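Please view the model alongside the text.

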Amino acid sequence: MTIKTKVGVVGASGRMGQMLILALAQSEHCVLAGAVDLSGSALLGFDAGQLHGMVTGVKVTSDLSQGLEDVQVLIDFTRPQGTMEHLKFCLAHGIQMVIGTTGFSEEETSRIQEAAKQIAILMAPNMSVGVNVTLKLLALAAHALNEGYDIEVIEAHHRHKVDAPSGTALKMGEVLAQALGRDLKTHGVFARQGHTGERDPLSIGFSTIRGGDIVGDHTVLFAGTGERIEITHKSSSRSTYAQGSLRAVRFLAQQKTGLFDMFDVLGLN
């Protein structure tokens, strides 16, 4: 009999939270053991699987102590402020974390890195297996196309996304910059307006689209003379993020401390 890892989900009534709950109900290796949401959530007091017509036996609560009492790993796709509060709780109670939240400040990222000395944390801007394979392909392409090609990162998400560029787009930029021996802080261009002058050949440009219910599209354009190369990943369902998160949970079950990413999970480092 397989011993399942007990998983908690915060933001239980959100789009990602519900996808995680559905994935956990179907998992052979993990089980939902806690569901937490904000105090104003309409799901409070109800079974976490109610919106899917399922009975999980786990009721949604706004109390972290109650909701995460029996949890080994917490999956967090909320917002930076909430994630930092959840991090405090997990540190105090020895709960590991899978963090898919994006938009952290440098100071918040440092706090996560420090916490990973005491608990195992996996943090990635995108949990999709396909996206992480795409990141590896981008590193290979950038290494080969390091001269004579202008690089642009174009991303599109739904109207409700609050940070821009997306964490995935920024990660793509970091991978590209590292492969090219550049610093994204110096060479990243995040806005263009007015008389900008000629494009700096060393720059890495970013364009952001927000609209409708787009789950997540990312394209990196390598524009050379006489040809263009585009590497694109498109998400049509959040289920890819959920399945990747459960792979991350299974990986963390073998760790005691440390900060990891999806490259560690997939053996791509």
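## Terms and model

Buried means under 20% relative accessible area, exposed means over 50%, and partly exposed lies in between (1.4 Å probe, protein chains only). This is a predicted model: local features need pLDDT of at least 70, side-chain atom pairs count only at pLDDT 80 or more, and totals for chains, interfaces and linings use all residues. Residues are numbered from 1 along each chain as its sequence is written, and side-chain values use heavy atoms, with hydrogens and water left out.

## Helix α3

Helices (H or I, at least four residues) and strands (E, at least two) are DSSP runs, numbered from the N terminus. Helix α3 covers residues 80-93, which is 14 residues. The expected span of a helix is 1.5 Å times one less than its number of residues. For α3 that gives 20 Å, and the end C-alpha atoms are 20 Å apart, which agrees. Just after α3, G94 takes a positive phi of about 65°.

The buried residues of α3 are P80, T83, M84, H86, L87, F89 and C90. Contact means heavy atoms within 4.5 Å. The buried residues pack against the strands β1 (5-10), β4 (73-76), β5 (96-99) and β6 (120-123). They also pack against helices α2 (64-67) and α4 (106-115).

Side chains of opposite charge can pair when their charged atoms come close. A salt bridge here is a side-chain nitrogen of Lys or Arg within 4 Å of a carboxyl oxygen of Asp or Glu. By this rule the count comes to 10 salt bridges.

One of them joins E85 and K88, with the closest N and O atoms 3.5 Å apart. The two are three residues apart in α3, so about one helical turn separates them. E85 is partly exposed, at 44% relative accessible area. K88 is also partly exposed, at 47%.

## Salt bridges across the sequence

K185 and E106 meet through their side chains in a salt bridge (3.2 Å, N to O). K185 lies in helix α7 (residues 184-187) and E106 in helix α4, so the pair ties together parts that are 79 residues apart in sequence. K185 is exposed, at 68% relative accessible area. E106 is exposed too, at 59%.

The side chains of R192 and E152 form another salt bridge (2.8 Å, N to O). R192 sits in the loop between β8 (188-189) and β9 (204-210), and E152 in strand β7 (residues 150-157), so this pair ties together parts that are 40 residues apart in sequence. R192 is partly exposed, at 44% relative accessibility, whereas E152 is buried, at 13%. Shared partners join D150, E152, R192 and R199 into one salt-bridge network.
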